[in-house]
Amino acid sequence: MDIPLKNMDILFNPRSVAVIGASEKPTKLGFHVMKSLTEGGFPGRITPVNPTSKEIMGLKAVDSISDIPDEPDLAIVVLPSRMVPAVFEECISKGVRGIVLITAGFKEIGDPQGAVLHEQIAEIVNKAQIPVIGPNTFGMINLHADLNASFTPEFSLVQKGRIGLVSQSGGMCHLICFLAMRERIGFSKIVGIGNRLNVDFENMIEYLAEDQDTDVIALYLEGIDQPRLLYEMARNLRGRKPIVAYKTGIGRLGDQASRSHTGSIAGRQELYSGAFGQAGVIEVSSAGELLDTAKVFARFPMLEGSGIAILSSQAGPGIAAADRCQKSDLRIVPFTEQTQVRINEILPPLALRVNPVDMGPAWYDAEAVVGILKAVLRDKNVKGILLLMMFASANVDSIKSLSFLMEHDDPKKPLITCISAPPGIWDEHIQRYEAAGILVNYPTPEQAAEAMINLNRYRRLGLPITRG
């Protein structure tokens with residue numbers, strides 16, 4: 001279904017919201033949707049719709065959406081599936097412009113009647129070109145509009161950022177976003193497209209490609225009905241913004257689970273992988289890698305070349321990162337003579353002074369760390385840097401020394417780090433440096449290396465990273 005982008009924009013930026021099936025009972029999803037909207041700080045009008053209540057969460061309730069004085073832009077429907085056709089007809093009559101259908105019980109249940117009902121409600125909204133998120137979804141969130149149209153109030157705690165996440169699974173979306181909270185990774189939109197009545201992956205890609213709040217598009221897929229539409233949309237928008245995808249359901253049992261969960265066949269993994277490659281989509285193999293890759297794309301332009309440097313304050317983390325990099329197309333390059341001379345001046349002869357550099361003999365000397373990093377930042381052979389620093393009492397001040405990066409005039413190269421310490425020691429500094437955009441930090445050297453590898457994978461596609 002072709003949904004006009006202006007209609008999609010109203011869906012994600014409504015002036016007013018009606019919750020059909022709102023409730024004061026914590027056992028009802030309608031209660032949690034109301035809590036998400038009210039506690040999330042939505043600035044527009046919220047109208048609970050429930051014929052058995054006069055007031056819900058301090059807001060006047062109405063018997064039906066027809067009783068609302070004005071036209072609500074967005075309706076969130078939390079009612080039994082049998083009631084949805086009549087509710088959709090009423091929404092259209094009232095002038096609703098977008099719907100979030102949290103209700104389950106359509107084609108995914110395996111009952112032929114569910115599929116019939118699915119087609120019936122699709123026909124109703126398609127005539128009016130009303131975009132619908134769902135059915136069988138937790139909802140969607142536009143963090144930049146303070147709109148939490150989901151049954152999980154905690155999504156409002158996710159930081160505002162530049163990543164648009166579209167997930168076919170509510171559980172995976174929750175997992176990824178809860179990980180993001182711990183890692184302080186920000187999102188623009190969080191969308192559980194569920195069983196895709198008329199808003200599918202290709203619609204979301206098209207919309208997010210135009211969205212001024214989104215720089216990176218992250219997808220979690222299980223099974224889709226028309227994969228060619230996704231492929232064609234991604235290919236047509238190739239190079240507009242990075243798209244990162246995690247596809248599951250590759251085995252027989254996963255395929256069966258996908259049919260049960262989404263009503264769609266997962267399909268052969270090799271076909272998806274081939275299509276992703278042709279369309280310029282970076283495919284990843286885990287939820288963690290999806291988040292890590294989106295994070296680095298949201299901060300850095302792609303590498304200008306495959307040559308990198310690894311600087312480690314202890315040998316082990318550097319070896320682990322080097323192992324990962326050497327299995328990819330990244331090159332741990334020799335330094336220029338000027339850089340090598342400077343490093344030789346700083347480190348004693350017994351140290352490993354060529355790339356990868358073991359800064360161990362100077363790990364407690366903040367000035368030495370800064371001197372090495374400055375020299376490598378200026379090295380024309382080096383296009384990206386992995387900096388790995390593990391805390392020990394003697395190097396507690398090393399993190400402070402990196403503040404020179406806030407003003408330095410050296411070439412802006414991707415600086416990907418694993419700077420690790422017990423909670424509360426370096427956290428404030430890392431947060432400040434990440435907020436300033438001078439580095440991207442990861443919990444392990446392997447994750448840092450994989451982020452650099454995926455930057456290089458995108459470089460090899462020859463695609464730019466567009467900033468909103």
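## Strand pairing and the seven-stranded sheet

Two strands are taken to pair if DSSP finds at least two bridges between them. On that basis this predicted model contains an open sheet of 7 strands with mixed pairing, in the order β9-β8-β11-β10-β12-β13-β14. The edges of the sheet are formed by β9 (147-150) and β14, and because each of them has a single partner strand, one side of each is left without a neighbour in the sheet. Averaged over the sheet and with direction ignored, neighbouring strands are turned by 20° against each other.

Within this sheet, strand β10 (residues 160-167) and strand β11 (residues 187-192) run parallel and are joined by 6 bridges, with L165 standing opposite I190 in β11. Helix α9 packs on the sheet, where it touches β12, β13 and β14, and the direction of α9 makes about 140° with that of β14.

## Helix α9 and its two faces

Helix α9 spans residues 269-279, and the buried residues in this helix are Q269, Y272, F276 and A279. Seen down the axis of α9, these buried residues fall within an arc of 100°, so they line one face of the helix. The face turned away from that buried side carries the exposed residues L271 and Q278.

The cover over the buried residues of α9 includes the strands β12 (216-221), β13 (243-247) and β14 (281-284), together with the helix α7 (227-236). After α9 comes G280, a residue whose phi is positive, near 80°.

## The five-stranded sheet

A further open sheet has 5 strands with parallel pairing, arranged in the order β2-β1-β5-β6-β7. Here β2 (45-49) and β7 (132-133) stand at the edges, and since each has a single partner strand, one side of each is left without a neighbour in the sheet.

Strand β1 (residues 16-20) pairs with strand β5 (residues 74-77) in the parallel sense, over 4 bridges, and in this pairing V19 stands opposite I76 in β5.

## Two buried residues in helices

H118 lies in helix α4, which covers residues 112-127, and H118 is buried because its relative accessible area of 3% is under the 20% cut-off for burial. When its neighbours within four places in sequence are left aside, H118 is in contact with F106, K107, P135, N195, R196 and L197.

C325 is found in helix α11, which covers residues 315-326, and C325 is likewise buried, with a relative accessible area of 0%. Not counting residues up to four places away in sequence, C325 touches I308, I310, L330, I332, L386, A449 and I453.

## Confidence of the prediction

The mean pLDDT of the chain is 91, and 94% of its residues reach 70 or more. Over residues 253-265, however, the pLDDT is below 50, although this stretch has 39 contacts in the model beyond near neighbours in sequence.

Methods
Residues are numbered from 1 along each chain as its sequence is written. This is a predicted model: local features need pLDDT of at least 70, side-chain atom pairs count only at pLDDT 80 or more; totals for chains, interfaces and linings use all residues. Side-chain values use heavy atoms; hydrogens and water are left out. Buried means under 20% relative accessible area, exposed over 50%, partly exposed in between (1.4 Å probe, protein chains only). Contact means heavy atoms within 4.5 Å. pLDDT is the predictor's confidence in each residue, from 0 to 100. The arc is that of the directions from the helix axis to the C-beta atoms. Axes are lines fitted to C-alpha atoms, for helices over the stretch in contact, and angles run from 0 to 180 degrees between N-to-C directions.
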